[in-house]
Structure formats: structure tokens, C-alpha cells
Amino acid sequence: MPVEITWWGHATCTVEDSDVRVLTDPLFARRLAHLRRRRGALPPAAARRADVVLVSHLHADHLHVPSLAALASGTRLLVPRGAPRAVPALRRLGRLRITEVTAGDRVEVGGVAVRAVPARHDGRRLPLGPHRVPALGYVVDGQARTYFAGDTGLFETMAEEVGPVDVALLPVGGWGPHLGEGHLDAGRAAQALAELAPRSAVPVHYGTYWPIGMDAVRPHEFHAPGEEFVRLAARRAPRVAVHRLAHGESVRLEVAR
């Protein structure tokens, strides 16, 4: 049975594996604070349908409470441990089944197991909130093992802690003209790809949101990361099939396990 990956924009993807729909970091907004969606239509209502939703960390472009509030009643939601304390609005989402997880935890959902893995990224709810909650990635283990990195920088034990994977959803850019510490750009993502050595990869977290009024400021940082990742991945990880998706586009991957 194939696994199907759909990229809705930014870090929002649907992973369909073993008849389970997994949604990552849902962000269904035209505008978020100073950011505006510059490419790709808003995901359709069908994108909100999921058996389990994975939230990687507390930043508002990954833990977006209005988008979570649009999910169907009873949807399973995995969040980093401590998230409801740090983001009190989560407690008002009583319609959802919220489970707090930390790196190493494993949660069974239908025919897949979701394992939380470490990430290297600022885990605070910015710009306010003193509570620091560790950022996470996730591995969805079904017919395929699919790694959703969330937001992360490279770290020495990444391949060891993530483990063997078939598909990697890797961030390759951001939403502004500068990437701070704890992020992957196209080059670092290609290096991560070489270390993880999956069969397939999909670049995410680029080319969707951009600060209002900054259209002319280093626009290549908005447009180029996906193509640059494809180019660098071909050099550093030539055995990995890279699928650069358009917004709303899907790819079906046959995985032999």
C-alpha cells in the first residue's frame, strides 16, 4: 500500500498511511500577525479532516489555535508536553482529544504508530510566555516510516534519534529574509537528508508566508529554497528521490518494507 503526502503550504502536510490521515502543524490562515499568505490557495475544508494532528512546537505559525479550533470534534491532537500550560487557549479546545508527548513517546492511532523525536528549535511561545517547551519532530510508522521534522536545526545525533525512515518532510526555508538559529536552510536540509538517507523527501516550510511590506526584500529567500534544495540534494544525497510539490499537490510513494 502506498503512502500519500499532500503539502498544503508552510509546514502543513497530510500523510495518508494505512487508512490513517495524519495532519502536521495546521495553518489555515490568509494572514498571521505580520505574515501574509503569498502563494497557494488556502487549503480546502477537506484538509482539516484528520485522524491525528501533530504539533511540533509552540510558535504561532505551527501551533495556530484558530486552525486547531476548525478541526472536527474528537480529532486526536498530539502536542509537546507542557503546551496547554504555556498556551492556555489550548485548554478551551475541549472538542479535541489532546495528548501531551515528549521525545521517545509512542502513540498508536489506528494502523500507525506516531513516535515523538527531538528537534533543535526555540520552544517558547513568542513573543510572550516564559514557559519553554521542547520542540519535537515526529515519525509516523505504518506501511512507511515518515519523518516530519517540524522546525529544527541540524544536530549531531539527528539520524540516530530519528532512526531509519522511508520519507522525510524537511523544512528548507522560512517566512522572512533571515533564518535564525535552529532552522534548516536548503543547504543544511540537504546535509540532513544525506545523514538520514530516506528513500524519498519532500521540502516544506518555504514559499508560503512572507512579511507584509517586505515583498522586495531579498525575494529569493521566499522563492528559491525549494529549487535550491532539489539541486543540493542531488549532489549530497543522489539516491534520495526528492519531490518538490506545489501547494495542494500530492505524491503517492510505493514503499517496500
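This is a predicted model: local features need pLDDT of at least 70, side-chain atom pairs count only at pLDDT 80 or more; totals for chains, interfaces and linings use all residues.
Leu136 is a buried residue, at 3% relative accessibility, where buried means under 20% relative accessible area, exposed over 50% and partly exposed in between (1.4 Å probe, protein chains only). Leu136 sits in strand β11 (residues 136-141); helices (H or I, at least four residues) and strands (E, at least two) are DSSP runs, numbered from the N terminus. Leave out residues up to four places away in sequence, and Leu136 still touches Ser56, Pro80, Val101, Thr102, Ala103, Ala116, Val117, Ala119, Ala149 and Gly150, with contact meaning heavy atoms within 4.5 Å.

A word on the ground rules. Residues are numbered from 1 along each chain as its sequence is written, and side-chain values use heavy atoms, with hydrogens and water left out.

Now for the strands. Strands of a sheet pair through backbone hydrogen bonds, either parallel or antiparallel. Here, two strands count as paired if DSSP finds at least two bridges between them. Start at β2 (residues 12-17), which runs antiparallel to β3 and is joined to it by five bridges. Cys13 has Thr24 of β3 as its bridge partner. The β2-β3 hairpin has two residues between the strands, and Ser18 takes a positive phi there, near 55 degrees.

What about β3 (residues 20-24) itself? Five of its five residues are buried, so β3 is largely enclosed by the rest of the structure. Val20, Val22 and Thr24 point one way and Arg21 and Leu23 the other, and all are buried. Next comes β6 (residues 52-54), which pairs with β3 in the parallel sense over three bridges, with Leu23 opposite Val53. From there, β6 pairs with β7, again parallel and over three bridges, and Leu54 stands opposite Leu78. Strand β7 (residues 76-80) has five of its five residues buried, so it too is largely enclosed by the rest of the structure. Then β7 pairs in the parallel sense with β8 (residues 97-101) over five bridges, and Arg76 has Arg97 as its bridge partner in β8.

Back at the β2-β3 end there is a pocket to look at. The second largest pocket has a volume of about 150 Å³, and 13 residues line it, with Glu16, Asp17, Ser18, Asp19 and Val20 nearest its centre. The elements giving two or more residues to this lining are β2 and β3. For the method: on a 1 Å grid over the protein atoms alone, a pocket is an open set of points with protein on both sides within 12 Å along at least five of seven lines, where a 1.4 Å probe fits, and lining residues have an atom within 4 Å of a point. Grid points are joined across faces, edges and corners, and the volume is the space filled by probe spheres set on the points.

On to the cores. A nonpolar core is a set of buried Ala, Val, Leu, Ile, Met, Phe, Trp, Tyr and Cys residues joined through side-chain atoms within 4.5 Å. The largest one has 55 residues, of which Tyr138, Tyr147, Leu193 and Phe229 touch the most other members. Helix α4 (residues 186-196) gives the largest share, six residues. A second, separate core of 22 residues includes Trp8, Leu63, Leu68 and Leu93.

After the helix comes Ala197, with a positive phi near 55 degrees.

Finally, Ser200 lies in β14 (residues 200-204) and is buried, at 9% relative accessible area.
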